[in-house]
Amino acid sequence: MSGATDERARPALLRVEHAVALTLAETSRAADTYPNVLAAIGTTLGWQIGAAWELSAADGALHCVEIWEAPGEDAHEFRALSEHLVLSRDEGLPGRVWALGGPVWIADVKVETSFPRAAAASAAGLQTAFCFPIRSAGAFLGVMEFCTRTATEPDEPLLESVAILGSQIGQFVVRRQAEDAVRVSEARNRAILDSALDAVITMNHRGVVVEFNHAAERIFGYSAAEAVGRDMADLIVPPSLRDAHRRGLARYLETGSPTLLDRRLEITAMRADGSEFPVELTITRIGLPGEPTFTGYVRDITERHRAEEELRASRARIVEAADEERRRIERNLHDGAQQHLVSLALRLRNAAESLGDDPQGTRELLERADLELAVALEELRELAQGIHPAVLSERGLRPALEGLAARVPVTVQIAALPDERLADAVEVAVYYLVAEALTNVVKYAQASVATVRVEVADGLVVVEVVDDGVGGTSAGSGSGLRGLADRVEALGGVLTIDSPRGSGTRVRGEIPVPPVG
Ligand SMILES: Nc1ncnc2c1ncn2[C@@H]1O[C@H](COP(=O)(O)OP(=O)(O)OP(=O)(O)O)[C@@H](O)[C@H]1O
Ligand SMILES: [Mg+2]
């Protein structure tokens, strides 16, 4: 190699090395590496076209992934050809560089048989090309090739230099790709954490919070910025449980024996305002090397506790109401029918004793016994009616409610009643709602009229008893309306009471109707 060539080459290769180093320093995304490096080398050398080829894992061949043209260039034929070309090992200039494992210089592409794009290149006026491999940790990733219109003799020092640059570029691409992948996966994990409904809180081995997601902010009332860096026990564990929490962490760190890990616990947590609430907690140790890190998944179960409490209370009231009903029946039987039957038995015994001696007296005794029996029967009938009106189960809501309306000592207008039969439990609930509401009208409302309306539509039965009396009742003040609410809610319905003072009362139940079965 002549001294003159060295003089020409040295500044070029230095300029290229410098330009690539600068470009890599300024490139932060893997995707920008090839465009930036192609432009840096092409521009520095004053060449017209550059292309990056990547080895595809899918088909084991080289694909052109990026083309650079000097400003003002239009080599669209060459570009179109390169973009759609798939080169295997030893094919074309990139394939030859792949097979050789080193850089190649083609002084005149027109006479070079290994240059399949020769026609397109000479149409674009391109003469000389060089190509070098891109590798990382010895693995071949692809190549970069450059073409120029000026016929140029091989520049060995430049070729040697770009062969080394190829390794730097390759390492850079692989590192940036890994960083991009980490960034994407971190962003994905962040999004998952932030959209979780449960609080997710991570603490390090010293018990310091290192992660606090959106749900945790909402549930505990701290912002992530406030929470991260604080001692977790101080932050969300109520004072009474803090020692146990710290002992548990210390024991785990000493012995590695987990008492709480990976189990579902119900415990009490504390909000920023100091209020305590029940949570369901699962703690997991994150399986990474180094000091242990723990993640707690916390679910606020205040609502669930409230619902359970409400359910327990309503069950207790239903049981209580059933007991009360049994006591009432027992009392009524004892005071009413039972008394009549006892005196009936007495009269019959007396009648038997006086038989023959006093026919007139016996007749009177038997007549009285007959009357007593009629009264006892009537009482038993009324009692049975009160327990469960036979007409309701036999003939349905219309006759049962019409009968009820006729019996109460207040004027009742019936606005609507269904003729169809509904599920037993629904019919019973509707009947008792009307019965209790009308009894209340009689007892408290001082009303001139009460209106009953029962309508079935869209899978819902709506029952209303409206009076024009004094109003002013509120649900829950007595056992009657509360019992009704329990009964209606047990069927998935709702009971509402509207009773402004002085403007009458409306008791309204809405109950879903299951198909009659
Ligand atoms: N239609 C009404 N007009 C005015 N006040 C009413 C009416 N219905 C209920 N109230 C008032 O609401 C209270 C609660 O009624 P509720 O039916 O729950 O209990 P109660 O009738 O007092 O007792 P129970 O029904 O257990 O015999 C009544 O005591 C009464 O003061
Ligand atoms: Mg009542």
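These legends describe close-up views of a predicted model.

**View 1. Strand β7 and its side chains.** Strand β7 covers residues 199-203. Five of its five residues are buried, so the strand is largely enclosed by the rest of the structure. Ala199, Ile201 and Met203 point one way from β7, while Val200 and Thr202 point the other way. Residues on either side of the strand are buried.

**View 2. Pairing of β7 with β11.** Strand β11 spans residues 293-300 and pairs with β7 in the antiparallel sense. Five bridges link the two strands.

**View 3. The hairpin of β7 and β8.** Strand β8, residues 209-212, runs antiparallel to β7 and is joined to it by three bridges. Ile201 has Phe212 in β8 as its bridge partner. The two strands form a hairpin, with five residues between them. In the turn, Gly207 has a positive phi of about 85°.

View 4. The magnesium ion is ligand 2, and its protein donors are Glu436, through OE, and Asn440, through OD1.

**View 5. Accessibility of Glu436 and Asn440.** Buried means under 20% relative accessible area, and partly exposed means between that and 50%. Glu436 has 23% relative accessibility, so Glu436 counts as partly exposed. Asn440 has 15% relative accessibility and therefore counts as buried.

How values were computed
Residues are numbered from 1 along each chain as its sequence is written. Chains are lettered from A and ligands numbered from 1 in the order in which they are written. This is a predicted model: local features need pLDDT of at least 70, side-chain atom pairs count only at pLDDT 80 or more; totals for chains, interfaces and linings use all residues. Side-chain values use heavy atoms; hydrogens and water are left out. Buried means under 20% relative accessible area, exposed over 50%, partly exposed in between (1.4 Å probe, protein chains only). Helices (H or I, at least four residues) and strands (E, at least two) are DSSP runs, numbered from the N terminus. Two strands pair if DSSP finds at least two bridges between them. Donors are N, O and S atoms within 2.8 Å of the metal (3.2 Å for Na, K and Ca); water is not among the atoms, so sites may look incomplete.
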